[in-house]
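Work through the exercises below with the sequence and the 3D structure open. Try each task before reading its solution.

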Amino acid sequence: MASLSFSPIRAKPSGGDFRPFRRQSLARPSRVAFRVFASEGQAEPDLSVTVNGLHMPNPFVIGSGPPGTNYTVMKRAFDEGWGAVIAKTVSLDAAKVINVTPRYARLRVGANGSAKGQIIGWENIELISDRPLETMLKEFKQLKEEYPDRILIASIMEEYDKAAWEELIDRVEQTGIDALEINFSCPHGMPERKMGAAVGQDCALLEEVCGWINAKATVPVWAKMTPNITDITQPARVALSSGCEGVSAINTIMSVMGINLNTLRPEPCVEGYSTPGGYSCKAVHPIALGKVMSIAKMMKAEFGEDYSLSGIGGVETGGDAAEFILLGANTVQVCTGVMMHGYGLVKKLCSELKDFMKMHNFSSIEDFRGASLEYFTTHTDLVQRQQEAIRQRKAIRQGLQSDKDWTGDGFVKESESMVSN
Ligand SMILES: Cc1cc2nc3c(=O)[nH]c(=O)nc-3n(C[C@H](O)[C@H](O)[C@H](O)COP(=O)(O)O)c2cc1C
(Lines give C-alpha, C1' and ligand atoms only; values in the text may rest on other atoms or scores of the structure.)
Protein backbone atom coordinates (compact mmCIF):
# COMPACT_ATOMS: atom_id res chain seq x y z
CA MET A 1 0.00 0.00 0.00
CA ALA A 2 2.80 2.40 0.84
CA SER A 3 4.10 4.50 -1.98
CA LEU A 4 7.82 4.54 -2.62
CA SER A 5 8.28 7.66 -0.55
CA PHE A 6 7.11 6.68 2.90
CA SER A 7 8.07 8.63 5.99
CA PRO A 8 8.75 6.75 9.18
CA ILE A 9 7.16 8.30 12.28
CA ARG A 10 9.88 9.44 14.66
CA ALA A 11 9.48 10.40 18.29
CA LYS A 12 12.20 13.05 17.99
CA PRO A 13 14.36 14.08 15.05
CA SER A 14 17.36 12.47 16.67
CA GLY A 15 15.42 9.53 18.06
CA GLY A 16 16.51 6.86 15.63
CA ASP A 17 18.96 5.85 12.97
CA PHE A 18 16.86 5.75 9.77
CA ARG A 19 19.66 6.24 7.28
CA PRO A 20 18.99 4.64 3.91
CA PHE A 21 19.64 0.91 3.87
CA ARG A 22 23.16 0.02 2.78
CA ARG A 23 23.78 -3.48 1.53
CA GLN A 24 27.26 -3.57 3.11
CA SER A 25 25.58 -4.64 6.36
CA LEU A 26 24.91 -8.10 4.84
CA ALA A 27 28.02 -10.21 4.53
CA ARG A 28 27.54 -11.65 1.02
CA PRO A 29 30.57 -10.72 -1.05
CA SER A 30 29.07 -11.69 -4.40
CA ARG A 31 26.11 -9.36 -3.90
CA VAL A 32 28.31 -6.49 -2.82
CA ALA A 33 30.39 -6.90 -5.95
CA PHE A 34 27.19 -6.89 -8.00
CA ARG A 35 26.10 -3.66 -6.34
CA VAL A 36 29.31 -1.88 -7.20
CA PHE A 37 29.03 -3.07 -10.79
CA ALA A 38 25.46 -1.75 -11.02
CA SER A 39 26.32 1.69 -9.71
CA GLU A 40 29.24 2.03 -12.11
CA GLY A 41 27.63 0.52 -15.21
CA GLN A 42 24.08 1.82 -14.67
CA ALA A 43 22.73 -1.64 -15.60
CA GLU A 44 18.95 -2.14 -15.60
CA PRO A 45 17.86 -3.99 -12.45
CA ASP A 46 17.14 -7.66 -13.10
CA LEU A 47 13.62 -8.59 -11.93
CA SER A 48 13.90 -12.29 -12.77
CA VAL A 49 13.57 -14.84 -9.98
CA THR A 50 14.07 -18.59 -9.65
CA VAL A 51 11.78 -20.10 -7.06
CA ASN A 52 11.83 -23.83 -6.21
CA GLY A 53 13.62 -24.31 -9.53
CA LEU A 54 10.97 -22.35 -11.49
CA HIS A 55 12.34 -19.44 -13.50
CA MET A 56 10.12 -16.35 -13.84
CA PRO A 57 10.88 -13.12 -15.74
CA ASN A 58 9.64 -11.11 -12.75
CA PRO A 59 8.23 -11.89 -9.29
CA PHE A 60 4.66 -10.82 -10.18
CA VAL A 61 2.24 -13.73 -10.12
CA ILE A 62 -1.47 -13.73 -10.94
CA GLY A 63 -3.14 -14.84 -7.67
CA SER A 64 -5.79 -17.54 -7.86
CA GLY A 65 -9.19 -16.01 -8.60
CA PRO A 66 -11.10 -14.41 -11.47
CA PRO A 67 -7.87 -13.31 -13.29
CA GLY A 68 -7.02 -17.01 -13.81
CA THR A 69 -10.42 -18.49 -14.61
CA ASN A 70 -9.98 -19.61 -18.22
CA TYR A 71 -7.62 -19.97 -21.20
CA THR A 72 -8.35 -16.51 -22.63
CA VAL A 73 -7.52 -14.57 -19.48
CA MET A 74 -4.49 -16.68 -18.55
CA LYS A 75 -3.09 -16.27 -22.08
CA ARG A 76 -3.64 -12.54 -21.71
CA ALA A 77 -1.68 -12.58 -18.44
CA PHE A 78 1.29 -14.28 -20.13
CA ASP A 79 1.12 -11.89 -23.10
CA GLU A 80 1.13 -8.85 -20.80
CA GLY A 81 4.25 -10.16 -19.05
CA TRP A 82 3.18 -11.61 -15.69
CA GLY A 83 5.96 -13.68 -14.12
CA ALA A 84 3.62 -16.63 -13.51
CA VAL A 85 -0.07 -17.45 -13.40
CA ILE A 86 -1.92 -19.32 -10.67
CA ALA A 87 -5.23 -20.55 -12.08
CA LYS A 88 -8.54 -20.33 -10.26
CA THR A 89 -8.84 -23.21 -7.74
CA VAL A 90 -10.17 -26.44 -9.25
CA SER A 91 -11.69 -29.55 -7.65
CA LEU A 92 -12.82 -32.92 -9.04
CA ASP A 93 -16.54 -32.21 -9.18
CA ALA A 94 -17.41 -28.70 -10.36
CA ALA A 95 -21.12 -29.59 -10.33
CA LYS A 96 -21.02 -29.22 -6.53
CA VAL A 97 -19.80 -25.61 -6.92
CA ILE A 98 -22.77 -23.27 -7.31
CA ASN A 99 -22.10 -19.54 -7.26
CA VAL A 100 -24.54 -16.70 -6.48
CA THR A 101 -24.79 -13.15 -7.82
CA PRO A 102 -24.07 -10.53 -6.63
CA ARG A 103 -21.04 -12.01 -4.94
CA TYR A 104 -18.82 -8.94 -4.53
CA ALA A 105 -19.16 -5.83 -2.33
CA ARG A 106 -16.68 -2.96 -2.21
CA LEU A 107 -15.55 -0.42 0.37
CA ARG A 108 -14.79 3.11 -0.82
CA VAL A 109 -13.16 6.00 1.00
CA GLY A 110 -12.38 9.61 0.33
CA ALA A 111 -15.77 10.85 -0.79
CA ASN A 112 -17.88 10.33 2.30
CA GLY A 113 -19.46 7.14 1.02
CA SER A 114 -20.06 8.49 -2.49
CA ALA A 115 -19.73 6.07 -5.38
CA LYS A 116 -16.70 8.07 -6.59
CA GLY A 117 -14.51 7.33 -3.56
CA GLN A 118 -11.37 5.25 -4.02
CA ILE A 119 -11.94 1.50 -3.62
CA ILE A 120 -9.83 0.16 -0.77
CA GLY A 121 -11.70 -2.98 0.28
CA TRP A 122 -13.30 -5.83 -1.67
CA GLU A 123 -15.42 -8.63 -0.22
CA ASN A 124 -16.29 -11.73 -2.21
CA ILE A 125 -18.44 -14.75 -1.53
CA GLU A 126 -17.26 -16.45 -4.72
CA LEU A 127 -16.50 -20.16 -4.56
CA ILE A 128 -13.71 -22.04 -6.35
CA SER A 129 -13.99 -22.67 -10.12
CA ASP A 130 -17.44 -23.75 -11.25
CA ARG A 131 -16.10 -24.83 -14.67
CA PRO A 132 -15.84 -28.58 -15.40
CA LEU A 133 -12.43 -29.96 -14.38
CA GLU A 134 -12.00 -31.56 -17.81
CA THR A 135 -12.35 -28.14 -19.48
CA MET A 136 -9.85 -26.50 -17.13
CA LEU A 137 -7.36 -29.35 -17.66
CA LYS A 138 -7.60 -29.01 -21.44
CA GLU A 139 -6.90 -25.29 -21.11
CA PHE A 140 -3.89 -25.85 -18.80
CA LYS A 141 -2.47 -28.28 -21.38
CA GLN A 142 -3.02 -25.87 -24.25
CA LEU A 143 -1.39 -23.01 -22.32
CA LYS A 144 1.66 -25.11 -21.48
CA GLU A 145 1.98 -26.16 -25.14
CA GLU A 146 1.79 -22.55 -26.31
CA TYR A 147 3.92 -21.08 -23.47
CA PRO A 148 6.35 -23.89 -22.53
CA ASP A 149 8.78 -21.48 -20.87
CA ARG A 150 6.22 -19.67 -18.76
CA ILE A 151 5.17 -20.81 -15.29
CA LEU A 152 1.61 -22.07 -14.87
CA ILE A 153 0.58 -23.12 -11.38
CA ALA A 154 -2.63 -25.05 -10.68
CA SER A 155 -4.53 -24.22 -7.51
CA ILE A 156 -6.34 -27.25 -6.15
CA MET A 157 -8.74 -28.12 -3.35
CA GLU A 158 -10.53 -31.31 -2.42
CA GLU A 159 -12.64 -32.86 0.31
CA TYR A 160 -11.11 -34.77 3.24
CA ASP A 161 -10.51 -37.87 1.12
CA LYS A 162 -7.04 -39.23 0.28
CA ALA A 163 -8.12 -40.93 -2.96
CA ALA A 164 -9.79 -37.74 -4.19
CA TRP A 165 -6.64 -35.68 -3.58
CA GLU A 166 -4.51 -38.30 -5.34
CA GLU A 167 -6.79 -38.39 -8.36
CA LEU A 168 -6.89 -34.59 -8.60
CA ILE A 169 -3.09 -34.26 -8.35
CA ASP A 170 -2.57 -36.97 -10.93
CA ARG A 171 -4.96 -35.45 -13.45
CA VAL A 172 -3.73 -31.90 -12.97
CA GLU A 173 -0.05 -32.88 -13.22
CA GLN A 174 -0.68 -34.67 -16.52
CA THR A 175 -1.39 -31.29 -18.15
CA GLY A 176 2.23 -30.24 -17.67
CA ILE A 177 1.65 -27.51 -15.06
CA ASP A 178 4.81 -26.41 -13.25
CA ALA A 179 3.67 -26.41 -9.62
CA LEU A 180 0.67 -26.82 -7.35
CA GLU A 181 -0.75 -24.31 -4.91
CA ILE A 182 -3.05 -25.90 -2.34
CA ASN A 183 -5.99 -23.77 -1.32
CA PHE A 184 -6.16 -24.43 2.44
CA SER A 185 -7.67 -21.05 2.96
CA CYS A 186 -10.97 -20.15 1.20
CA PRO A 187 -13.01 -18.75 4.12
CA HIS A 188 -16.55 -19.07 2.76
CA GLY A 189 -18.70 -21.82 1.26
CA MET A 190 -16.01 -24.49 0.99
CA PRO A 191 -15.42 -24.94 4.78
CA GLU A 192 -19.05 -26.12 4.93
CA ARG A 193 -17.75 -29.15 2.96
CA LYS A 194 -14.66 -29.50 5.25
CA MET A 195 -12.53 -27.91 2.53
CA GLY A 196 -10.32 -24.80 2.26
CA ALA A 197 -9.92 -22.91 5.54
CA ALA A 198 -11.50 -25.85 7.43
CA VAL A 199 -8.23 -27.74 6.76
CA GLY A 200 -5.90 -24.72 7.03
CA GLN A 201 -7.28 -23.88 10.49
CA ASP A 202 -6.77 -27.37 11.89
CA CYS A 203 -3.09 -28.30 12.13
CA ALA A 204 -3.71 -32.02 12.68
CA LEU A 205 -5.93 -32.22 9.61
CA LEU A 206 -3.49 -30.07 7.65
CA GLU A 207 -0.56 -32.34 8.49
CA GLU A 208 -2.47 -35.40 7.34
CA VAL A 209 -3.68 -33.82 4.08
CA CYS A 210 -0.23 -32.32 3.32
CA GLY A 211 1.21 -35.80 3.86
CA TRP A 212 -1.14 -37.27 1.21
CA ILE A 213 -0.42 -34.44 -1.20
CA ASN A 214 3.35 -34.51 -0.90
CA ALA A 215 3.50 -38.29 -1.18
CA LYS A 216 1.76 -37.97 -4.55
CA ALA A 217 2.93 -34.69 -6.09
CA THR A 218 5.99 -34.65 -8.35
CA VAL A 219 6.08 -30.86 -8.84
CA PRO A 220 6.73 -28.17 -6.18
CA VAL A 221 3.83 -27.63 -3.78
CA TRP A 222 2.92 -24.28 -2.17
CA ALA A 223 0.42 -24.26 0.71
CA LYS A 224 -1.83 -21.20 0.68
CA MET A 225 -2.48 -20.02 4.22
CA THR A 226 -5.58 -18.49 5.76
CA PRO A 227 -5.15 -15.35 7.90
CA ASN A 228 -8.29 -16.34 9.83
CA ILE A 229 -6.31 -18.01 12.59
CA THR A 230 -4.59 -16.77 15.76
CA ASP A 231 -1.02 -17.71 14.83
CA ILE A 232 -0.39 -18.19 11.10
CA THR A 233 3.12 -19.56 11.72
CA GLN A 234 1.65 -22.78 13.11
CA PRO A 235 -0.04 -24.04 9.92
CA ALA A 236 2.86 -22.65 7.84
CA ARG A 237 5.32 -24.70 9.90
CA VAL A 238 3.14 -27.81 9.60
CA ALA A 239 2.87 -27.41 5.81
CA LEU A 240 6.64 -27.03 5.35
CA SER A 241 7.46 -29.86 7.77
CA SER A 242 5.01 -32.07 5.85
CA GLY A 243 6.92 -31.68 2.61
CA CYS A 244 5.55 -28.52 0.94
CA GLU A 245 8.25 -26.50 -0.86
CA GLY A 246 6.64 -23.16 -0.13
CA VAL A 247 3.85 -21.20 1.50
CA SER A 248 1.67 -18.45 0.08
CA ALA A 249 0.00 -15.88 2.34
CA ILE A 250 -2.58 -14.54 2.63
CA ASN A 251 -5.93 -15.64 1.32
CA THR A 252 -8.88 -13.35 2.09
CA ILE A 253 -9.89 -12.22 5.58
CA MET A 254 -13.30 -13.27 6.90
CA SER A 255 -15.50 -10.18 6.76
CA VAL A 256 -18.94 -8.60 6.59
CA MET A 257 -18.78 -5.67 4.19
CA GLY A 258 -21.66 -3.73 5.71
CA ILE A 259 -25.37 -3.40 6.34
CA ASN A 260 -27.64 -1.36 4.07
CA LEU A 261 -29.15 1.19 6.47
CA ASN A 262 -32.30 1.56 4.34
CA THR A 263 -33.15 -2.12 3.91
CA LEU A 264 -31.33 -3.33 7.07
CA ARG A 265 -29.96 -6.21 4.93
CA PRO A 266 -26.26 -7.19 4.81
CA GLU A 267 -24.10 -6.78 1.68
CA PRO A 268 -23.53 -8.45 -0.73
CA CYS A 269 -27.27 -9.13 -0.62
CA VAL A 270 -28.61 -12.28 -2.29
CA GLU A 271 -32.39 -12.59 -2.12
CA GLY A 272 -32.35 -10.49 1.06
CA TYR A 273 -29.64 -12.54 2.81
CA SER A 274 -25.84 -12.71 2.93
CA THR A 275 -23.01 -14.79 4.36
CA PRO A 276 -19.60 -13.61 5.66
CA GLY A 277 -17.07 -13.45 2.83
CA GLY A 278 -13.40 -12.90 2.09
CA TYR A 279 -11.86 -9.41 2.31
CA SER A 280 -9.09 -8.34 -0.06
CA CYS A 281 -7.60 -5.23 -1.76
CA LYS A 282 -5.55 -2.31 -0.40
CA ALA A 283 -7.14 -2.41 3.08
CA VAL A 284 -5.73 -5.88 3.81
CA HIS A 285 -2.14 -5.02 2.79
CA PRO A 286 -0.88 -4.13 6.31
CA ILE A 287 -2.48 -7.27 7.73
CA ALA A 288 -0.89 -9.36 4.98
CA LEU A 289 2.52 -7.76 5.66
CA GLY A 290 2.15 -8.67 9.34
CA LYS A 291 1.34 -12.30 8.54
CA VAL A 292 4.12 -12.60 5.96
CA MET A 293 6.61 -11.06 8.41
CA SER A 294 5.70 -13.68 11.05
CA ILE A 295 5.98 -16.55 8.57
CA ALA A 296 9.28 -15.21 7.17
CA LYS A 297 10.81 -14.98 10.67
CA MET A 298 9.71 -18.53 11.43
CA MET A 299 11.06 -19.79 8.09
CA LYS A 300 14.38 -18.04 8.56
CA ALA A 301 14.79 -19.54 12.03
CA GLU A 302 13.60 -23.07 11.26
CA PHE A 303 13.88 -23.78 7.51
CA GLY A 304 16.61 -23.31 4.92
CA GLU A 305 16.87 -21.18 1.79
CA ASP A 306 15.26 -23.92 -0.34
CA TYR A 307 11.77 -23.07 0.89
CA SER A 308 9.81 -20.28 -0.75
CA LEU A 309 7.36 -17.63 0.36
CA SER A 310 4.77 -15.89 -1.82
CA GLY A 311 3.32 -12.63 -0.46
CA ILE A 312 -0.31 -11.77 -1.28
CA GLY A 313 -2.67 -9.00 -0.28
CA GLY A 314 -3.53 -5.54 -1.54
CA VAL A 315 -0.72 -5.13 -4.06
CA GLU A 316 -1.30 -2.30 -6.56
CA THR A 317 2.13 -0.66 -6.77
CA GLY A 318 5.76 -1.68 -7.12
CA GLY A 319 6.27 -0.29 -3.62
CA ASP A 320 3.63 -2.67 -2.21
CA ALA A 321 5.52 -5.56 -3.81
CA ALA A 322 8.90 -4.29 -2.58
CA GLU A 323 7.54 -4.39 0.97
CA PHE A 324 6.68 -8.10 0.68
CA ILE A 325 10.10 -8.83 -0.82
CA LEU A 326 11.87 -6.81 1.90
CA LEU A 327 10.17 -9.14 4.38
CA GLY A 328 11.51 -12.21 2.56
CA ALA A 329 8.90 -13.05 -0.09
CA ASN A 330 10.29 -14.64 -3.29
CA THR A 331 7.21 -13.80 -5.33
CA VAL A 332 4.25 -11.44 -4.99
CA GLN A 333 0.72 -12.36 -6.06
CA VAL A 334 -1.98 -9.98 -7.25
CA CYS A 335 -5.68 -10.79 -7.59
CA THR A 336 -8.03 -7.88 -6.77
CA GLY A 337 -5.54 -5.38 -8.23
CA VAL A 338 -5.95 -7.07 -11.62
CA MET A 339 -9.75 -7.02 -11.27
CA MET A 340 -9.56 -3.26 -10.71
CA HIS A 341 -6.77 -2.20 -13.09
CA GLY A 342 -6.54 -4.96 -15.72
CA TYR A 343 -3.66 -7.20 -16.86
CA GLY A 344 -1.53 -4.22 -18.01
CA LEU A 345 -0.93 -3.48 -14.30
CA VAL A 346 2.14 -5.74 -14.47
CA LYS A 347 4.01 -3.16 -16.58
CA LYS A 348 3.47 -0.46 -13.93
CA LEU A 349 4.43 -2.91 -11.15
CA CYS A 350 7.68 -3.85 -12.94
CA SER A 351 8.65 -0.27 -13.68
CA GLU A 352 7.91 0.92 -10.13
CA LEU A 353 9.84 -1.99 -8.63
CA LYS A 354 12.77 -1.16 -10.91
CA ASP A 355 12.62 2.50 -9.80
CA PHE A 356 12.81 1.36 -6.18
CA MET A 357 15.79 -0.88 -6.99
CA LYS A 358 17.60 1.89 -8.87
CA MET A 359 17.05 4.27 -5.95
CA HIS A 360 18.93 1.81 -3.71
CA ASN A 361 21.37 0.49 -6.32
CA PHE A 362 19.95 -3.02 -6.07
CA SER A 363 20.71 -5.14 -9.14
CA SER A 364 18.58 -8.17 -8.40
CA ILE A 365 15.62 -9.21 -6.25
CA GLU A 366 17.98 -11.29 -4.09
CA ASP A 367 19.92 -8.09 -3.41
CA PHE A 368 17.20 -6.86 -1.04
CA ARG A 369 14.98 -9.85 -0.31
CA GLY A 370 14.45 -10.11 3.44
CA ALA A 371 16.52 -6.98 4.18
CA SER A 372 13.90 -5.43 6.50
CA LEU A 373 13.20 -8.56 8.50
CA GLU A 374 16.01 -7.95 10.99
CA TYR A 375 14.39 -4.66 12.06
CA PHE A 376 11.47 -6.42 13.72
CA THR A 377 12.04 -7.14 17.38
CA THR A 378 10.10 -7.43 20.63
CA HIS A 379 8.48 -4.48 22.35
CA THR A 380 10.74 -5.06 25.37
CA ASP A 381 13.75 -4.65 23.07
CA LEU A 382 12.28 -1.41 21.63
CA VAL A 383 11.99 -0.01 25.17
CA GLN A 384 15.61 -0.94 25.95
CA ARG A 385 16.85 0.57 22.67
CA GLN A 386 14.96 3.80 23.32
CA GLN A 387 16.21 4.08 26.90
CA GLU A 388 19.77 3.56 25.69
CA ALA A 389 19.33 6.20 22.94
CA ILE A 390 17.97 8.72 25.47
CA ARG A 391 20.88 7.98 27.82
CA GLN A 392 23.36 8.62 25.00
CA ARG A 393 21.64 11.86 23.93
CA LYS A 394 21.65 13.11 27.53
CA ALA A 395 25.34 12.31 27.85
CA ILE A 396 26.06 14.35 24.67
CA ARG A 397 23.95 17.26 25.92
CA GLN A 398 25.81 17.25 29.22
CA GLY A 399 29.08 17.76 27.36
CA LEU A 400 32.26 15.79 27.17
CA GLN A 401 32.93 13.37 29.97
CA SER A 402 36.69 13.96 29.87
CA ASP A 403 39.24 16.30 28.22
CA LYS A 404 40.59 13.40 26.23
CA ASP A 405 37.21 13.30 24.31
CA TRP A 406 37.76 16.62 22.45
CA THR A 407 38.12 16.06 18.69
CA GLY A 408 39.27 18.33 15.89
CA ASP A 409 36.25 17.77 13.61
CA GLY A 410 33.55 18.12 16.25
CA PHE A 411 35.25 20.89 18.23
CA VAL A 412 32.57 23.59 17.73
CA LYS A 413 29.70 21.22 18.51
CA GLU A 414 31.57 19.89 21.52
CA SER A 415 32.08 23.45 22.80
CA GLU A 416 28.35 24.19 22.30
CA SER A 417 27.37 21.02 24.13
CA MET A 418 28.75 22.55 27.32
CA VAL A 419 27.18 26.02 26.98
CA SER A 420 24.28 26.68 29.37
CA ASN A 421 22.27 29.27 27.38
C1 LIG B 1 -13.21 -12.65 -6.31
C2 LIG B 1 -12.11 -13.43 -5.70
C3 LIG B 1 -12.02 -14.81 -5.91
C4 LIG B 1 -10.97 -15.54 -5.34
N5 LIG B 1 -10.88 -16.88 -5.60
C6 LIG B 1 -9.83 -17.59 -5.09
C7 LIG B 1 -9.66 -18.96 -5.41
O8 LIG B 1 -10.42 -19.55 -6.18
N9 LIG B 1 -8.60 -19.61 -4.85
C10 LIG B 1 -7.71 -19.00 -4.02
O11 LIG B 1 -6.77 -19.64 -3.55
N12 LIG B 1 -7.84 -17.68 -3.73
C13 LIG B 1 -8.88 -16.98 -4.23
N14 LIG B 1 -8.99 -15.64 -3.95
C15 LIG B 1 -8.03 -15.01 -3.02
C16 LIG B 1 -6.88 -14.28 -3.75
O17 LIG B 1 -6.09 -15.15 -4.51
C18 LIG B 1 -5.97 -13.52 -2.75
O19 LIG B 1 -5.40 -14.46 -1.87
C20 LIG B 1 -6.70 -12.48 -1.91
O21 LIG B 1 -7.74 -11.88 -2.65
C22 LIG B 1 -5.76 -11.37 -1.42
O23 LIG B 1 -5.03 -10.77 -2.47
P24 LIG B 1 -5.50 -9.46 -3.28
O25 LIG B 1 -5.71 -8.34 -2.29
O26 LIG B 1 -4.39 -9.20 -4.26
O27 LIG B 1 -6.79 -9.85 -3.97
C28 LIG B 1 -10.02 -14.88 -4.52
C29 LIG B 1 -10.11 -13.50 -4.34
C30 LIG B 1 -11.12 -12.77 -4.92
C31 LIG B 1 -11.18 -11.29 -4.70
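The structure is a predicted model, in which local features need pLDDT of at least 70, side-chain atom pairs count only at pLDDT 80 or more, and totals for chains, interfaces and linings use all residues. Residues are numbered from 1 along each chain as its sequence is written.

**Exercise 1.** Find which residues of helix H9 (residues 318–326) are buried.

Solution. Helices (H or I, at least four residues) and strands (E, at least two) are DSSP runs, numbered from the N terminus. A residue is buried if 20 or more other C-beta atoms, placed from the backbone, lie within 10 Å of its own, exposed if 12 or fewer, and partly exposed in between. By this rule the buried residues of H9 are Gly318, Asp320, Ala321, Ala322, Glu323, Phe324, Ile325 and Leu326. That makes eight of the nine residues of H9, so the helix is largely enclosed by the rest of the structure.

Next, look at the cover. It includes strand E3 (60–62), H8, E15, strand E16 (331–334) and helix H11 (345–360). Just after H9, glycine 328 has a positive phi of about 120°.

**Exercise 2.** Trace the order of the strands in the barrel.

Solution. Two strands pair if DSSP finds at least two bridges between them. Eight strands close the barrel in the order E3-E4-E7-E8-E9-E10-E15-E16, with parallel pairing. As one case, strand E4 (residues 84–86) pairs with strand E7 (residues 151–156) over three bridges, in the parallel sense. Here isoleucine 86 stands opposite isoleucine 153 in E7.

Definitions and conventions: Two residues are in contact if their C-beta atoms, placed from the backbone, lie within 7 Å.
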